[in-house]
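Please look over the sequence and the model shown here before reading the report.

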Amino acid sequence: MRRAVAVALFAALLGSTGCYSRFRADAHLDPAFDFSQVRRIGLAQPLPKEPEEIARDRKLIVEEIGRQLEAKGYEIALANEADLLLIHHAGVHARPRIGQGEEARMTLQFVEARTGRSVWYGWTEQKWYASMEEDIQPEIEKAVKSLLDRFPDRGQERPPIEGSGDTPT
């Protein structure tokens, strides 16, 4: 049960190991949205009555997202004061072909607070190893960075998205 809980929330937080040193990441944006007008971003709040392990892991994810968005010049705000709201998800799923193991995936989606319109969506994935559960913090940092490197700095009209592909770790 403990493994299932931990895996269900985070495995997508993709790290590198000796036997697999690459992960895939991609992002898509609404070309009509003017990112230069965004100042405040609201982050997801913990869900009520979440199991302790999931709540702790979600807190690590949200804190890392907040640190990286602040480094890009954004203010972290309450949802009712934000220009954009962030929705995030992390999980592990079995690969379609037998014997290929599990794959971890994290997604971030930014929606316009006023309209609910999705303006930016990014994902990252990597092969998942049970050993990643031991020290998840560095894996979270790498996964969040791989996504938010594709998100615009504050004041930048459009992010530098080059498309899908393998990203070295």
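The report below describes a predicted model, taking the nonpolar core, the aromatic pairs and the salt bridges in turn.

## Nonpolar core

The largest nonpolar core holds 25 residues, and those that touch the most other members are Ile41, Ile65, Leu69, Phe110, Trp120 and Phe151. Two or more residues are given to this core by each of α2 (52-71), β4 (84-94), β5 (102-112), β6 (118-128) and α3 (137-148), and the largest share, five residues, comes from α3. In soluble globular proteins, nonpolar side chains tend to be buried together.

Ile41 illustrates the contacts made by one of these residues: with neighbours within four places in sequence left aside, Ile41 is in contact with Leu69, Tyr74, Glu75, Ile76, Ala77, Ala82, Leu84, Phe110 and Phe151.

## Aromatic pairs

The structure holds six aromatic pairs. In one of them, the ring centres of Phe33 and Phe35 lie 4.9 Å apart with the planes at 85°, so this pair is edge-to-face. Phe33 counts as buried at 10% relative accessibility, and Phe35 is buried with a relative accessible area of 0%.

Phe35 also pairs with Phe151, and because their planes stand at 90°, with the ring centres 5.8 Å apart, this pair is edge-to-face. Phe35 belongs to the loop between β1 (22-29) and β2 (40-42), whereas Phe151 belongs to the loop between α3 and β7 (165-168), so the pair ties together parts that are 116 residues apart in sequence. Ring pairs link Phe35 and Phe151 into a cluster with Phe33, Tyr74, Phe110 and Trp120.

## Salt bridges

A search of the whole structure finds ten salt bridges. One of them joins the side chains of Arg117 and Asp30, at 3.3 Å from N to O, and links distant parts of the chain, since Arg117 lies in the loop between β5 and β6 and Asp30 in the loop between β1 and β2, 87 residues apart. Arg117 is partly exposed, with a relative accessible area of 36%, whereas Asp30 is buried at 16%. Arg117 and Asp30 are linked with Glu112 and Arg114 in a network of salt bridges.

Glu63 is partly exposed at 33% relative accessible area, and Lys59 is exposed at 52%. The side chains of Glu64 and Arg67 meet in a salt bridge at 2.7 Å, N to O, and because these two residues are three apart in helix α2, about one helical turn separates them. Glu64 is buried, with a relative accessible area of 6%, while Arg67 is partly exposed at 42%.

Terms used:
Residues numbered from 1 in each chain as written. Predicted model: local features only at pLDDT ≥ 70, side-chain atom pairs only at ≥ 80, totals over all residues. Heavy atoms only, no water. Core = buried A, V, L, I, M, F, W, Y, C linked by side-chain atoms within 4.5 Å. Buried < 20%, exposed > 50% of the residue type's maximum accessible area, 1.4 Å probe, protein only. Helix = DSSP H or I, 4+ residues; strand = E, 2+ residues; numbered from the N terminus. Contact = heavy atoms within 4.5 Å. Phe/Tyr/Trp six-rings, centres within 6.5 Å; stacked < 30°, edge-to-face > 60°. Salt bridge = Lys/Arg side-chain N within 4 Å of Asp/Glu carboxyl O.
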